[in-house]
Amino acid sequence: MRSHRVFATCYDRMNAAAERTFLGRRRAALLGGLTGTVLDVGAGTGANLPHLRSAERVVAVEPDPAMRQRLERRAAESTISVEVSAASADALPFDDASVDAVVFTLVLCTVGDPNAALAEARRVLRDDGTLAVLEHVRGTGRLARFQDAITPVWKVVGAGCHPNRDTLTTLRGLGDFAIHDVDEFRELPRWFPASPMLQLTARPTR
C-alpha cells in the first residue's frame, strides 16, 4: 500500500470545518448506537473513534502507513478497546460472522474494488449485524459528468479518491444487504466533486 504522507498530514486540517459543521454530527448519529465488536474499515486517522462510544471493542483497519501512524496515536488515547490492523478492505483477516457491525466512512471512494470490499464486509458480519455507511457519491447530470472528467486527477491528489463512485447502486447490486435509513444529502457546494453524500444502515440478507 502506497503511503500518502502529505495527504495524511493535511487530512484532519482539511476536514476540520466539515467535522465541526456536519460530519461530526453525522458520525455521532450513525455510529453512536453500535455495540459489540465494530470493524471500522479504512479508519484513516481515527475520526470515528470518539463516536463509537457504545462499542465493546473496535478493530480499526487502515492499510496506508501514513494514515495508520496517526490512527495508532488516536487509538492509544481512546477510552474503548481499539485494535489497529494494516489489512485491506478486500482481504479482511477475520473469521466469518465474527463482528457485530462494519463501518465504512469516506473510504469506499478509495478502495480498489468496492464490490469486493462490501462482499468482505458481509462475510465477516454476523447475520444480525449492522452495516453503517457514510460516503460521498456520484451526483447526477452535469455534476456527474464533471466528476467523471476530474476523477483521473482527483484520485492522484486525493490518495485514490474516486468522486464518481455510485455506492448505493453498487450496494444494491450485490444483494447481500437489506438497506434502510437511506439519506442522501448536500452540505458542500453543489459544484464540489465530493458531493452529494450518502448515509445509510443495512442488515445482511439471510
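These are my notebook entries on a few side chains I looked up in this structure, which is a predicted model.

**Entry 1: arginine 122**

I started with arginine 122 and asked where it sits. Its place is in helix H3, which covers residues 114-124. Buried or exposed? Arginine 122 has 15% relative accessibility, so I put it down as buried, the cut-off being under 20%.

Next I looked for a polar partner. The side chain of arginine 122 makes a polar contact with the side chain of aspartate 127, at 2.9 Å. I also wrote down what else arginine 122 touches, leaving out residues up to four places away in sequence: the list is Asp127, Asp176, Phe177, Pro204 and Thr205.

**Entry 2: the cysteines**

How many disulfides does the structure hold? I found zero. Cysteine 109 is in no disulfide, and the cysteine sulfur nearest to its own, 3.7 Å away, belongs to cysteine 161. I checked it from the other end too: for cysteine 161 the closest cysteine sulfur is in cysteine 109, and 3.7 Å is too far for a bond, because a disulfide needs the sulfurs within 2.5 Å.

I then looked up accessibility for both. Cysteine 109 is buried, at a relative accessible area of 3%. Cysteine 161 is buried as well, at 8%.

**Entry 3: aromatic pairs**

I went through the rings next and counted three aromatic pairs. In one of them, tryptophan 154 and phenylalanine 192 have ring centres 5.8 Å apart and planes at 80 degrees, so I logged the pair as edge-to-face. What parts of the chain does this pair link? Distant ones: tryptophan 154 is in helix H4 (residues 141-157), while phenylalanine 192 is in the loop between strand S6 (177-185) and strand S7 (197-204), and the two are 38 residues apart.

Phenylalanine 192 also pairs with tryptophan 191. That pair is edge-to-face too, with 5.9 Å centre to centre and 80 degrees between the planes. I noted that Trp154, Trp191 and Phe192 form one aromatic cluster.

Tryptophan 191 is exposed, at 60%, since the cut-off for exposed is over 50%.

**Entry 4: a charge over a ring**

Last, I looked at phenylalanine 185 and asked which residue lies over its face. I found arginine 26 there, at 3.5 Å from the ring centre.

Key. Residues are numbered from 1 along each chain as its sequence is written. This is a predicted model: local features need pLDDT of at least 70, side-chain atom pairs count only at pLDDT 80 or more; totals for chains, interfaces and linings use all residues. Side-chain values use heavy atoms; hydrogens and water are left out. Helices (H or I, at least four residues) and strands (E, at least two) are DSSP runs, numbered from the N terminus. Buried means under 20% relative accessible area, exposed over 50%, partly exposed in between (1.4 Å probe, protein chains only). A polar contact is a pair of N or O atoms within 3.5 Å; within protein, one must be able to donate a hydrogen and the other to accept it, and residues adjacent in sequence count only if both atoms are side-chain atoms. Contact means heavy atoms within 4.5 Å. Rings of Phe, Tyr and Trp (its six-membered ring) pair if their centres lie within 6.5 Å; planes under 30 degrees apart count as stacked, over 60 as edge-to-face and the rest as tilted. A charge sits over a ring if NZ of Lys or CZ of Arg is within 6 Å of the ring centre and within 35 degrees of the ring normal.
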